[in-house]
Amino acid sequence: MINTQEILVYITVLLAVAFLVKKYFYKPKKTSKSCGKDNCGCH
Amino acid sequence: MSVEMLKVALIGNPNTGKTSVFNHLTGLNQQVGNYPGITVEKKIGYCKLTRHRKAKIIDLPGTYSLNASSLDESVVIELLMNKNGDDFPDVAIVVSDVENLKRNLLLFTQIKELEIPTILVINMSDRMKRKGISIDIPVLEKELNTKIALVSSRTKNGIDSIKTLLQDYKNISSEACLDTSLIDVTYFDRLKKAFPNQSLYKLWLVITQDVNFGKIDKKPMKDETSFSFATKSNSELKRLQQKETIARYKFINDTLKKGYVVDKSKATDLRSVLDKVLTHKVFGYVIFFGVLLLIFQAIFDWSSVPMDFIDSSFASLGDWVRHTLPGGVFTDLLVDGIIAGLGGIVIFIPQIAFLFLFISVLEESGYMSRVVFLMDRIMRRFGLSGKSVVPLISGTACAIPAIMATRNIESWKERLITILVTPFTTCSARLPVYAILIALVIPDQRILGVFNAQGLTLMFLYLLGFAAAIISAYILNKVLKIKSKSYFVVEMPNYKLPMFKNVFINVFEKTKAFLIDAGKIILAISIVLWFLASYGPGKEFSDAENIVKSEVVNQELSTLELDDKIASYKLEHSYIGIVGKTIEPVIKPLGYDWKIGIALVTSFAAREVFVGTLATIYSVGSAGEEEGTIKQKMAAEVYPNGEKIFTLASGISLLLFYAFAMQCMATLAIVKKETNSWKWPMIQLFGMTAIAYVVALISFQFLK
Amino acid sequence: MHTIATLKKGEKGIIQEFDIDLIPLKLIEMGCLPGNLVELVQYAPFHDPLYININDSYVAIRKETAIHISIKKVS
């Protein structure tokens, strides 16, 4: 019983860590930063 | 039989009731997501047309034209120009306001030129009589080469006629109603020669703005041909854009002359009456201040009842799970990590819902634009914009929706400063921390016989948060060398009675988005922190039970007390306990010991975790988490030499630390996403925490 | 010379030619074009921002923009 619980804990924690790593470090491929910044539509 | 899915893009100027039309067409059958890589809201809804045909309707962000001046607006262009995109529409619906038809038609003529079949919806037909407006629909349909649906989203009149037009979308013209290339024939001829297969208007749009899309990018165009964009300077291009606008308005004016009549003598004017009061140089501010008080009252007073209920519900749920499931580490994780973490998110729902309720009502009614107008000059002194008011107010509930609310600030510098300073405002996660510390170190007595010292301290901390935001904005404005043309143009919409359905859907969707986006992060961090607090290296941790038992063998302890002692010992030797001990030398000068250090670290999940962590460290977990007990334990906590840990000096130092420090990982994630770089969240993290450290240090050394 | 910034509350004017590089495109699209009518509806303290009616659109603009749009007063 305790073993199953231990395994579940490790899985959950790993999932949480994986999610956080993805959230903070994953870079979306398509970044459009051309607008909403400076001179858009203001040429 | 398969169901045919028609893709429809809903486009329109802000304040035309576009969202009401969307809500009527789709009901609650909507999904709110984000466009890839950016946080612009993407709203999709479904609408059944016939048994075999459904419409997938995309509600695009409101835009005044196809020349984007904000992130929200650029989404519209990207979507409409990318023919191979998943969301490229079969039909476009342009929603316009009957009172502002002239301006709204500008966007319509642009969309038409993209050669997408376009339906024109003229909304707010219920106001025509009051404004003395009459329209000749067949004439306008002929002149604009489109089909028109005259609707009132308020009375639901005409919504069905949109559906009828959609069913018959194949008969809707996709021809342009005027030709942009006529504004400079030679230039457009050369363009055409260089790119014979492209639509001239689309090329023109690409040239005049830096939108990346599909395969027609600026760079390959440059490489492949001898055509050089340098033939027109930015200034010349803008002159052409003005020429284009003049041509469009000329067409629109000619059209409206034929089919649109306004009899001003019949018009009644609510706007000028309300504006006289609401934008008055004295009453305007008094009323705004009153509205602010009402919002704070709602966030802090009215929401306390549901919040207490949520708090106790999650506590009972945790107890129930603990007693029902077999004991073990996973059950502990479920109760102390996951359920407690979820509770920590759900508890904010009442406050956030109230906040969105107010903001939604103020925006729908048209009042928010007046606030922007009133506050712009004052805010600009500090490098902010009138539009920064909404984020700063929202920040008192939670910085995450507040930072998302900065998106409509056009000037990048003003927007960036707003994002950077918003976390200083006292968000509701700080409240439980303030509450317990104030109760602990500030005497419950009256000053001058009227004011309660504890209440005054709380108010002072709120004002301090605003002051910190404003002052740091002032400094950032001087320090940041970002060249940014501020082109502040704010539409002052007509006053309208907010529609219940719109407000409800808005509050529901925004709250749901917060719950899911921020919730996932907070939950994941709670799980990781639980792990770090429940596991530790070495014998000290694994043998905790025996060590404690042998230590207290001579004392008469109840099982509960013994369990508490073991839990506390384990925490001390867990990974996070080691972190706490490691940072102790750094935080010692502020008046904190390693236990407070642990609480500071766990606060990164969400600040209010401070209270729960201290409860565990001072081993009151099993004896009940009532504030009274934690408070008593904290008050009794002493250093080995007998000195009290929580004194006025260390208490104030902690309060100030929490007021200034950047301790919210979820906010940092949002800032990273919104600014598209690690630089700014890191500046926030280290900058704010450094300020917090210095202020706390000074106050402790001064008071001790 | 009169500009939108020198209008008094309730006064109207006809927009004259202006330096296009100093005016945001968004305002031009709202109808800020030579020959169109503009009325000052309200102003905030320090005469900034200005709440105007331009070509039947109601907008607020900053004084720094308004000083670049010259007008001919009409009564």
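Q: A nonpolar core is a set of buried Ala, Val, Leu, Ile, Met, Phe, Trp, Tyr and Cys residues joined through C-beta atoms within 7 Å. Which residues touch the most other members of the largest one?
A: We are looking at a predicted model, where local features need pLDDT of at least 70, side-chain atom pairs count only at pLDDT 80 or more, and totals for chains, interfaces and linings use all residues. Residues are numbered from 1 along each chain as its sequence is written, while chains are lettered from A and ligands numbered from 1 in the order in which they are written. Buried means that 20 or more other C-beta atoms, placed from the backbone, lie within 10 Å of a residue's own; 12 or fewer means exposed, and in between is partly exposed. In this core of 149 residues, the ones touching the most other members are Ile400(B), Leu50(C), Ile52(C) and Val59(C).

Q: Which helix gives the most to this core?
A: Helices (H or I, at least four residues) and strands (E, at least two) are DSSP runs, numbered from the N terminus. With 15 residues, the top contributor is helix H22 (residues 500-534) of chain B.

Q: What is Ile400(B) in contact with, leaving aside its neighbours within four places in sequence?
A: Contact means that two C-beta atoms, placed from the backbone, lie within 7 Å. By that test, the partners of Ile400(B) are Phe514(B), Ala518(B), Ala666(B), Thr667(B) and Ile670(B).

Q: How many residues are in the second, separate core?
A: Its members include Ile11(B), Cys47(B), Val95(B) and Ile252(B). The size of this second core is 55 residues.

Q: Which element gives the most to the side of chain B that touches chain C?
A: The contact takes 29 residues from chain B and 27 residues from chain C. On the chain B side, helix H3 (101-113), helix H10 (234-259), helix H16 (367-380) and strand E12 (489-491) each give two or more residues. With eight residues, the element that gives the most is H10(B).

Q: Which residue stands opposite Val490(B) in E4(C)?
A: Three bridges join E12(B) to strand E4 (residues 57-61) of chain C, and the two run antiparallel. Val489(B) faces Ile61(C), and Val490(B) faces Ala60(C).

Q: How many residues lie between E3(B) and E4(B) in their hairpin?
A: Strand E3 (residues 41-48) of chain B pairs with E4(B) in the antiparallel sense over six bridges, with Gly45(B) opposite Ile57(B). Strand E1 (residues 4-12) of chain B is joined to E4(B) (residues 53-59) by seven bridges and runs parallel to it. Between E3(B) and E4(B), the hairpin has four residues.

Note on methods
Two strands pair if DSSP finds at least two bridges between them.
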